[in-house]
Amino acid sequence: MAKSILVVDDSASIRQVVGIALKSQGYDVTEACDGKDALAKLSGQKVHLVISDVNMPNMDGITFLKELKKLPAYKFTPVIMLTTESQESRKQEGQAAGARAWVVKPFQPAQMLAAVAKLIAP
Amino acid sequence: MNLDAALQTFIAEARELLQDMEQALLRLESEPADAHCLAAVFRAAHTIKGSAGLFGLEPLVSFAHVLEDLLDRLRAGALPADRERVALLLACNDHLSALLEQVAVRRSAPTAALLAAEQPLRERLAASGGQAQPSAAAAPTHSASESRRWHVSVRFGQDTFRHGMDPLSFLRYLDGLGQREALALYDQALAEASPFDPESCYLGFDLRLQAACEATTLADAFGFVEGECQLAIFDLGSDAQGYAAWLEQLPPAHAQWLCAAMGEPWPLPQAAVPAMEPTVAAPPTATEQAAPARADADGRRAWVRVRADKLEALINLAGELITAGAGARLLAEAQGHEPMTEATVAVNALVEQLLEGALAMRMVPIGETFNRFHRTVRDVSQALGKDIELVVSGGDTELDKALVEQLGDPLMHLLRNAMDHGIEAPEVRLAAGKPARGRLHLAACHDAGNIVVELSDDGAGLDRSRILAKARERGLLGAAEPSDRELLAVIFEPGFSTAATVTNLSGRGVGMDVVKRNITSLRGSVELLSPAGQGTTVRIRLPLTLAMIDGLLVEAADSAYVIPLSMVHECMELAPAERSTLRNRGHVDLRGEVLPLVFLRDHFGLQGAAPRRENIVVIRAHGLKAGLVVDRLLGEYQTVIKPLGPLFSGVRGVSGSSVLGSGVVALILDVPALLKHLTECESTSFIPSSTFFQAV
Amino acid sequence: MISACPAGEQLNVKLGAELTIYQVGELHTAAQPWLAQPCQWVLDLSQVTEVDGAGLQWLLYLHQHLRRAGHGLVISHASPAVSELLQWCPNTGLALAA
């Protein structure tokens, strides 16, 4: 059974590219454009990994994480935050909120795949 | 992996972001402290940088990065967003646009001109408080190394599972980096756990593998659990001693277990070795600082991109459903089956909602078009040496996307006109007791099934006497005193211009009549209003959608035709006694006016004899008027327009078709083309009507 | 999630579809009464579609616990997911019954 990954980013092109890359490795991918959309799309379904941007309208990545981790179904779900080098403090915020993995933007698809491979099996 | 489609998404997205960024920057000019705008500007640069990186568009990434740096400081309040900075950022926004077109759309390297333009921008950014040099690009380069024997030992922290990490994933990943020599899963800590908490992690592993990589590659694999685990990496080839020393300082049982697992003797046969640090050890835990989370509420709704042709197909389908539904209803009524009739009525009502919904998807808020003009007003007013502000209202008024696209040019021209000729220079305004800053107001609203767009200025207003003089000079008006409406309508006549100086901006007065033509071709109308001392207002009326038409259904020789209602002036009967006279003469007297006649039967060469009573539909467009003679008037009719196929491209006078409920096809008449044909017809002597004014 | 059926001297235990960090807490609680009276376990893992490091750890724990009490644990049936997992712990004694 394919593992499922939720990709949350307000940039459609990033979602598209990350989606293509993940699907090429056999994962099922669900996309959301911000935290609110992500929570709605999750609605209790099993997801093996969440990839989320930090800066998003409506509900930013950190807030989304905190909301996510309140839900028992996602207590242990690994989260990869997408950050930029100028946002060290965000990385720590993310860790405090429960995201222990990160990929720095701008990234190449291969870097994303490597990060995913360290967290879940295909 | 084919990323072409994704690249197109990126390009569309980046263009939108750059527009948003420009809007936000313009707003910042008047509200330098607006945090919302600052956040929006930052986010635009940040997102473009991230997405461009995905496709390896280095020049974009690099410039966006430098820009983002300064923006981050502005956003954090470390620097103020003063006028100078905003002007610089606007210039950077333009440069990013140019880079996007060159690097992403044309897929070429930046031109010499672009590079030349970039350097001063970078310098100005640095001077303005940004970083002097862009930081080095992200991806670390791996130098080719020879294969080495590595021993990687890791003991995971107790919270590993709770943090969503899985030791096995790290193991699989590491294993994939080379060829495995030996593997031991460390379960000793598990045996000693008391009490045992199934959610805590007591695992570790020791992996020996042949890999052509650096120690840092192996260490990076554990980046996500840095600080929580004990990691030791040894190059067994060059650092066998280090490994031995490390073994020495382990608890004996542990070391024994490990050696057994690796298939090596224990104790290791060698002399005492000085304690050495392993090649790479786990760094200390980073102190976690809680920072307040920032909600970035933007109110932006979730969007779906739909291809225009798919939407067209849906609208067509909905239109056909309406027709089919109407047909079904007719049949049901003919059968006299009441429940059936009711059922079809219910279905038709739903289908109408469906069509409305489909059409609504083509509706976009006009505000997007309006907002683009802020930049124009700013640039043009500066070029003219005038102080002008643009106020926009009713931006969320929606209209058909196709209309919006066509409206841009006429509005742009009207704006430039108003700035050039409408609003006076600051000194003139002050002398007249007005504020030095001129005001342009662009407003939109719905009114009775139309959309009304108004552009008002608080300038000097239209000078009636000059207009009258010019109109008479050009032979556009006679000696008779025209009404105010007639007078102002003359401005839309070709070749009319009272501007003392013709500037580059608004041209030689060809503008207004072209504007009017553009609007009329959209089945809209335009008029001028200029109450004394209150500036000038241009009022444009447009139908809400081009996909549907409000028409007058008429019949001629058993064929149905639709005449756009906006071009119907009035209808009257044609007395049978006068028919042959009028047909020979080719025109009729309409309240003192000469109205040329077009007999539809003749025009289209329709067969059969005309009925006793015929009707004249007075149509007008583009200042031309005529009477269309048809058999019967069948009433007002709203319908979806179906375009004509290529087969009909040579047919003049028909602009589309529509399917009636009975299944009959009605042709939609192209009134402007018909009227134009009239003027070209030598057999008819045509005198233009003295009334040019059109209003819906 | 877990069902146990005594069969003579041994306990036939069958686990459900998921054996991950999300289940191990409950599984461990559920297994307490049986662990309090250790015997030979025969584990049917044929239905397990998802298993992770925490799941593996718990299996290792069971194995160690039962061994300490003089018994043991044997896996009678393994789903593909479990077979893949077992290759990562060759030295632990946790293996598929021959």
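This is a predicted model: local features need pLDDT of at least 70, side-chain atom pairs count only at pLDDT 80 or more; totals for chains, interfaces and linings use all residues.
Biologist: At what angle do helix 1 and helix 5 of chain A cross?
Modeller: Helices here are DSSP runs (H or I, at least four residues; strands are E, at least two), numbered from the N terminus. Axes are lines fitted to C-alpha atoms, for helices over the stretch in contact, with angles from 0 to 180 degrees between N-to-C directions. Helix 1 (residues 12-24) and helix 5 (residues 109-119) of chain A have axes that come within 10 Å, and the crossing angle is roughly 55 degrees.

Biologist: Which word describes helix 1 of chain A relative to helix 5 of chain A?
Modeller: Under 35 degrees counts as roughly parallel, over 145 as roughly antiparallel, 65 to 115 as roughly perpendicular, and the rest as oblique. The crossing angle is roughly 55 degrees, so helix 1 of chain A is oblique to helix 5 of chain A.

Biologist: How many nonpolar residues does that contact of helix 1 with helix 5 of chain A have?
Modeller: Contact means heavy atoms within 4.5 Å. Helix 1 of chain A brings Val17(A), Val18(A), Ala21(A) and Leu22(A), while helix 5 of chain A brings Pro109(A), Met112(A), Leu113(A) and Val116(A). Ala, Val, Leu, Ile, Met, Phe, Trp, Tyr, Cys and Pro count as nonpolar, Asp, Glu, Lys and Arg as charged, and the others, Gly among them, as polar. No polar and no charged residues turn up, and the nonpolar count is eight.

Biologist: Is the crossing of helix 4 and helix 5 of chain B left-handed or right-handed?
Modeller: These two helices pack at about 145 degrees with axes 11 Å apart. A crossing is left-handed if the near helix is turned anticlockwise from the far one by less than a right angle, and right-handed if clockwise. Helix 4 of chain B passes helix 5 of chain B in a crossing that is left-handed.

Biologist: How are helix 1 and helix 2 of chain C oriented to each other?
Modeller: Helix 1 (residues 21-36) and helix 2 (residues 53-68) of chain C pack at about 20 degrees, with axes 9 Å apart. That is why the two helices of chain C are roughly parallel.

Biologist: How much area do chain B and chain C bury between them?
Modeller: Buried area is the accessible area (1.4 Å probe) that two parts lose on being put together, summed over both. 22 residues of chain B touch 22 residues of chain C. In the total, 63% is on carbon and sulfur atoms, and the area is about 1900 Å².

Biologist: Which residues of chain B lose the most area to chain C?
Modeller: Three residues together make up 28% of what the chain B side buries. They are Leu185(B), Phe196(B) and Pro198(B).

Biologist: Which side chain does Glu84(C) meet in a salt bridge?
Modeller: A salt bridge is a side-chain nitrogen of Lys or Arg within 4 Å of a carboxyl oxygen of Asp or Glu. At 2.9 Å, N to O, the partner of Glu84(C) is Arg172(B).

Biologist: What separates Asp37(A) from Lys41(A) along helix 2 of chain A?
Modeller: Asp37(A) and Lys41(A) form a salt bridge, with the closest N and O atoms 3.1 Å apart. Because they sit four residues apart in helix 2 (residues 35-42) of chain A, the separation is about one helical turn.

Biologist: Where does Pro106(A) lie?
Modeller: Most peptide bonds are trans. The one from Lys105(A) to Pro106(A) is cis, with omega near 0 degrees. Pro106(A) lies in the loop between strand 5 (101-105) and helix 5 of chain A.

Biologist: What is phi of Arg107(B)?
Modeller: Most residues other than glycine have a negative phi. Arg107(B) is in the loop between helix 4 (83-105) and helix 5 (112-127) of chain B. Its phi is positive, near 50 degrees.

Key. Residues are numbered from 1 along each chain as its sequence is written. Chains are lettered from A and ligands numbered from 1 in the order in which they are written. Side-chain values use heavy atoms; hydrogens and water are left out.
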